[in-house]
Amino acid sequence: MRSSASANYSRWHRFGGLPSEMNPRTQGSNMPIKRATTKETEADLEARARAAIKLAFPWVPDGAIKHQIKFTFKFGRQILEVDAGKSRIEARLDILLEKDDKPLAIMELKRPGLTLTGDDGAQGLSYARLVQPPAPLVVVTNGTDVRILETSTGNPWQPTTATEEAFKELITQANRVAGADIRHAIDTLMGTTPNVWMQAVRRVSTETIEELTASSDEPALPFAADFLAPRAATHLLWRNLVVGEKLLVLQGPPLAGKSNVLRELCARTEQSDALATLYVEAGVGGGVLQTLADAISRSLSWPVSPQEARDWLNRISNHDGVRLVLAFDGLRAADTASVREIEDLSSNAFGPSLAVVVAMDDAVAQSVLKTPNQLSLSPLGRRSKVVSVGHLRDGEFKLARALLGQRRLYLMNGAEMAPEYREPWVLRAISGSGQAALKGKPETRALSLPSLLGPRLLEVVRKRFAQDHELRRRFRGLARSMIADAQDQSRPPEIVLQQLEMGIIRRTAVKAELEPDDLQWLIDHGFVRPGMHDVAGATILVRLPELLASEMAHALADELVKRSKEDLHETAAWIAGAASNLPLGEVVAAQAIVDAAKRPNGLPVGLISALVAMPPEREVLDTGGHYAMVLPNGAMMDIKFQPDGKGVVVIDGEQHEIDLGDEEQVTYKNIHPWLILSHVASTPFEVMGDHGAVREDPNLLLQIGTCRVPLRGNRGPQSLRMLPTLDMHDGVSIVHSDAGVIEPVTLGILDYLSAAEDQADNWVATAASSGSVALLSRVHIALGVLAGFETHARSGWAKAQLKAVILPKLREAMGDTEEPSPRI
């Protein structure tokens, strides 16, 4: 199905000429006419260049020497450009002169009236030595005085006779320019010429980013070639750099997209006349200056030592009008050499034209920005301005959604409430898989993506890594480590919630399940990143959380098969506990059940029955009760309910009072068994009965669909957002239809009704006769979405079922003629 969007058009009107009484052409000769353009035009520059050529080479026939105000030259392995047409405000312009279609000279054209000095010609000599083939002469002129230099020596050219033979000898000498002279030419341009070094550092950044762009062979690299979602943090960095901030710290949790913010900053400054960003991968050993020197040497063939790199930065830092931004990605607290060098680069030893941006994880920032005793700010903490990046905010999600739409990938209504779609790595994964699915398809084809992913994400992962057996073997070891660590009751509270959000595993747990060589291989290839947690100690972060989730499902399936031979109620409690302690837990647990059911002996249907017998429970919070929770950033939050309807919330020692109103405060416990089943029910499956195999997922949808509370996972940035719900009688709470499909069980109903032509009528009739307002509400939402798919073959059927069967029963069950307004 293809989604379409309306377009807005602006109409531009062209107005006629000035009225006659205002037109200068109709006025008397005494009316002055001013020149509209005060800057030098292209024609002015061309005329000035021709006059200068005639002045420098009066013996050469007119037209024999051509000039280019735009030319390229070889800078190491890169090709850079000089464009005098874009540099007319400068006091000196560089122009390439050619004779017989070969470089003759670089002409430094100074502004008329400026006196020639001894320093003039240095930049022109550098260009002349780097153009291919080298230009034998450099001409420096202000339109009146002329100085001509030999490229090979830098000395004035003083031929006995200016003849063709003299030119040929100069060309021969220019082609003998020594390597040391070329090195000096590069040094000169990188230290004195902004339009050169700005291009050069941008090329270094581009090359580094290309090296770090993921491919089928290296999927864990941080960048995706065709996907870069705009982030608010990039705008904040830009705004602070424009106003002159010298040190900015970009902090956020792992996999929040910090690297891509720096990539976006590079792209945003690409066309800037005032800012150029040099992206540097920090933490690769030897300090940031060594890393910087290596990147420049590799990309530009300009060999510099760390000290020479520092000296170059010092020269650049005192230039007026342009700024170099050093963007260091992935600083680690243990890299003390880099920390000291960043302190140096951000100090007053460097001028205002050098800015430093450092991206680091939250835990690293906590360590680096404070002194070892954590009581005061470190030098970096005192100097820096902090910009944070995390899960996608609403505005960022809208932009990412639009970006997916440009790639013909459309998210269903309700996706804005899905926590998984606020994870940058999830959006990147579905963008890659969606593009692969559309490859070779006509431009009129598009994909409609569900508002919740669930096991679909794991299906994508398994297709992607189906042939990479060794990587999967290593990740299976990580999966077992993650499961074992999540079951450790002695874990510090500070890491418990972090492990719900991402694949952070303590090193002690990894050692028990993974060979040392395998762990080192994963580190060396970028699939995991070592870290140090202030409380939990040494950790690793898994850089492919989707593959970790898939392998955790396989590992849990192994354990399910073993446990299902014993007490099924204990097994059900165990898998529900796993879902409540693992990243993407309910999805992983549901996939584990499906995987286990595919094993040779299958899975006892009694396990499903045991989970069905564990429905969610509504719990009213006591007045005067005291509750605690851990936020995703590790902060502890205490909540105290007072008899006067007030609530006292304490976060990191800071107290806030909120008005809770007269309504009772309600929470739901034991939600994971049915949440797991809501994902299981979205997958067609059969059970063996007395009369053979019977498809059971439609019956499970009917059972789970009666859940009296919303069935959603409680993790991610949307966890603290209130759902748009309607509170019914008898404590039933249903999702408002305007919210779209935000529950996996509703998505399962939609999938079933979209495909089950033979049994769908009977299924809808059974749901309608259930008397369950919760089930009727979910069927109402699913049919409404299906009816809205105008191009779907069952859209008309869905409209008829809504009107004739579901809406009358829903209104009857709700005791109202129309759906009330949502409570949000």
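The model is predicted: local features need pLDDT of at least 70, side-chain atom pairs count only at pLDDT 80 or more, and totals for chains, interfaces and linings use all residues. Residues are numbered from 1 along each chain as its sequence is written, and side-chain values use heavy atoms, without hydrogens and water. Helices (H or I, at least four residues) and strands (E, at least two) are DSSP runs, numbered from the N terminus.

An open sheet of 3 strands runs in the order β15-β17-β16 with antiparallel pairing. Because β15 and β16 stand at the edges, each with a single partner strand, one side of each has no neighbour in the sheet. Two strands pair if DSSP finds at least two bridges between them; β15 and β17 pair over 3 bridges. Ile505 stands opposite Ile540 in β17.

| Element | Residues |
|---|---|
| Strand β15 | 504–506 |
| Strand β16 | 528–533 |
| Strand β17 | 537–542 |

Helices α15 (residues 455–464) and α20 (residues 545–563) pack at about 95°, their axes 9 Å apart. α15 is therefore roughly perpendicular to α20 (65 to 115 degrees). Axes are lines fitted to C-alpha atoms, for helices over the stretch in contact, with angles from 0 to 180 degrees between N-to-C directions. In the contact (heavy atoms within 4.5 Å), residues of α15 including Leu458 and Arg462 meet residues of α20, among them Glu546 and Leu547.

Note on methods: Angles under 35 degrees count as roughly parallel, over 145 as roughly antiparallel, 65 to 115 as roughly perpendicular and the rest as oblique.
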